[in-house]
Amino acid sequence: MKNIKEVLAENISGLHYGNRILLPFKAEILKIVIGTHIITDFSKNIDGASIRVTDFYTEIYFYEYKNLEEQLTKYEVIKLALVQQGEDIFNFDNHFAIELKIESKHKLLIEPIPTDLLFFE
Amino acid sequence: MNKNILFFILLTIVSLSTVNYTFAQESTHSKNNIAVSENNTHTVEHELPNTVMVIPFIILLVMIATGPILYPHFWEHQYPKVSVLLGTIVVIYYAFFLHNTTSLLHTAAEYFSFIALLASLFFASGGIMIKVDKKATPILNVGILLFGAIIANLIGTTGASMLLIRPFIKINQDRIKPYLIVFFIFIVSNIGGALTPIGDPPLFLGFLRGIDFFWFIEHIWYIWLPTLTLILIIFYFIDSRNRDIKASKEYTGKIEFKGAKNLIYLAIILVAVFIDPNVMSWVPNLAPSPIGLREIIQFSVVILAMKTSDIEILKYNEFNAEPIKEVAYLFIGIFATMIPALQLISHEANVLGDKLTVGMFFWSTGLLSGVLDNAPTYLNFLSAALGKFGFDINIATDVKEFMNVDYIFLQAISVAAVFFGAMTYIGNGPNFMVKSIVERAGIEMPSFFAYVYKYSLPILIPVFVLVWLVFYF
């Protein structure tokens, strides 16, 4: 199982199916920005998103989207603030800001957010 | 109930729009007929619309105001159908029951002029990138807001907002707070653009009706300047209390600009505004086609900008055509459904005449511009003000006489429509666009009501009361 740093360095992709994305690492998600929705509440609430971390991946379900591929344009990305599971979550140096790009054939590109792009954790 | 109050309730319910015609004076036309101008020179009479036909307009306005807040998912997916359906009802009524296609053609022409300007500004400015790598200070922020207010008159409040919101957020990244964005909306997305028809959509609609391009700067600058100064002073004091936390990076002080060719597109759009048969006699009149030479040029700029804008800049700007698509669809419905509303308002204004004061026009135009879109509101009240003096909004010579003789009414309506557009997120198109860009960056913005009670009511309303006391009381 790769960690976030390795996934970014090796350009490993995730997956997307409908309103579900799968990330090839184990992470604590702190914040998600998708479209104009800012999601920080990951409790069992039906609004927003829910997260499940397995031994092999982290998956996120977006309740307010039926199909991410259809609903996000080619210039839009999903932005995440997250921490590798097991790392000290309270140390800001461990926080990552990544963007997810929806590609065809269920491919999900995972990249660090460029410094030019606006993202506030 | 007092007839004046009834009249303004009608405006309140109905408001919004861009009429094409007004009623001729009762003394010269029958009570149940309206005069519709053809080529601004002569009029033909058509039957007065049934008041029931105002209902589609009311439904659309209520849905525009409540949809994004109360039922966002339905609205997000269904607004094009809702808008087109409601517009179609009125179009069928006019075409098959009133046999009044002249009005429909006028409305179509006005719609295309409106959307050609907005779309071209939107696409051209979307391909421009400004990066400012400086540390924010209250003075620098005031400078950026003032700069935005000035250029809003050249590239529109939409263009200026799109161009400056990202650098404004970026330089404030270590001290970002919602009030920074709210003042940006107040100044750059609204009040700044009061000096030219390009500045804000309502004024452009007035220009299309025959108001001189430079009338606005000549008659509004002395209201614009103190209002802007006052709001900037308030901003400065609030911003001075926002103490920096430790900067997260070293600043180089560099300012970077990319997308020069899109500046040329903006210049073309600006020049094209004047390419109108009513402004330049050599310009061919393509009537009855609803699209003229100006619109052809501006739509060409849209295509050029789409094809040639730098992909990297579009990505940096997270460019998304959704906002302009939304405006295009919603205004199909607004332009069509407002036709009967405008006719009724003009008619009532003509009947009530002297009882309507300039203060009433200022507050009614303003308050409705805040809760509805300010562009159609402006035309409704312009139509009413013209009707009050027995003028016809469809006849350019009437509009020109009105703007010179009774300019204070036109001034009050123009100032109110632009300034009060800042009162809510839905008051003016760029407000929601700025909110959307900011939220995509992960910054929580105040809710619709929090924006009003935390910012608009305590800051803008006292300033607007001052404007009213000084100029229209």
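Which backbone oxygen lies 3.1 Å from a polar atom of the side chain of N153(B)?

Reply: The backbone oxygen of A149(B) lies at that distance from the side chain of N153(B). A polar contact is a pair of N or O atoms within 3.5 Å; within protein, one must be able to donate a hydrogen and the other to accept it, and residues adjacent in sequence count only if both atoms are side-chain atoms.

First, the ground rules. This is a predicted model, where local features need pLDDT of at least 70 and side-chain atom pairs count only at pLDDT 80 or more, while totals for chains, interfaces and linings use all residues. Residues are numbered from 1 along each chain as its sequence is written, chains are lettered from A and ligands numbered from 1 in the order in which they are written, and side-chain values use heavy atoms, with hydrogens and water left out.

Stay with N153(B). Its place is in helix α5 of chain B, residues 138–171. Helices (H or I, at least four residues) and strands (E, at least two) are DSSP runs, numbered from the N terminus. N153(B) is buried, at a relative accessible area of 6%. Buried means under 20%, exposed over 50%, and partly exposed in between, with a 1.4 Å probe and protein chains only. Leave aside the neighbours within four places in sequence, and N153(B) is in contact (heavy atoms within 4.5 Å) with G192(B), G193(B), A194(B), L195(B), T196(B), I198(B), G199(B) and W224(B).

Now the helix itself. α5(B) bends by about 120° at I155(B). That bend is the angle between axes fitted to the seven residues ending there and the seven starting there. The end C-alpha atoms of α5(B) are only 11 Å apart, whereas a straight helix of 34 residues would span 50 Å at 1.5 Å a residue. That expected span is 1.5 Å times one less than the number of residues. α5(B) is mostly covered, with 27 of its 34 residues buried.

Step back to chain B. It has 18 helices and four strands. Of its 473 residues, 61% are buried. Among its contacts with a separation of 6 or more, 81% link residues 24 or more positions apart. Chain B exposes about 18100 Å², and carbon and sulfur atoms supply 68% of that. Such areas come from the Shrake-Rupley method with a 1.4 Å probe; for residues, only the protein chains shown count as cover.

One strand of chain B deserves a stop. In a regular strand the side chains alternate between the two faces of the sheet. In β3(B), residues 129–132, M129(B) and K131(B) point one way, I130(B) and V132(B) point the other way, and all are buried. β3(B) pairs antiparallel with β4(B), residues 255–258, over four bridges. Strands pair if DSSP finds at least two bridges between them. M129(B) has K258(B) as its bridge partner.

Chain A has its own enclosed strand. Four of the five residues of β6(A), residues 58–62, are buried, so the strand is largely enclosed by the rest of the structure. β2(A), residues 20–23, pairs with β6(A) over four antiparallel bridges. There, I21(A) is bridged to I60(A). β5(A), residues 49–53, runs antiparallel to β6(A), joined by five bridges. S50(A) is bridged to Y61(A). A hairpin of four residues links β5(A) to β6(A).
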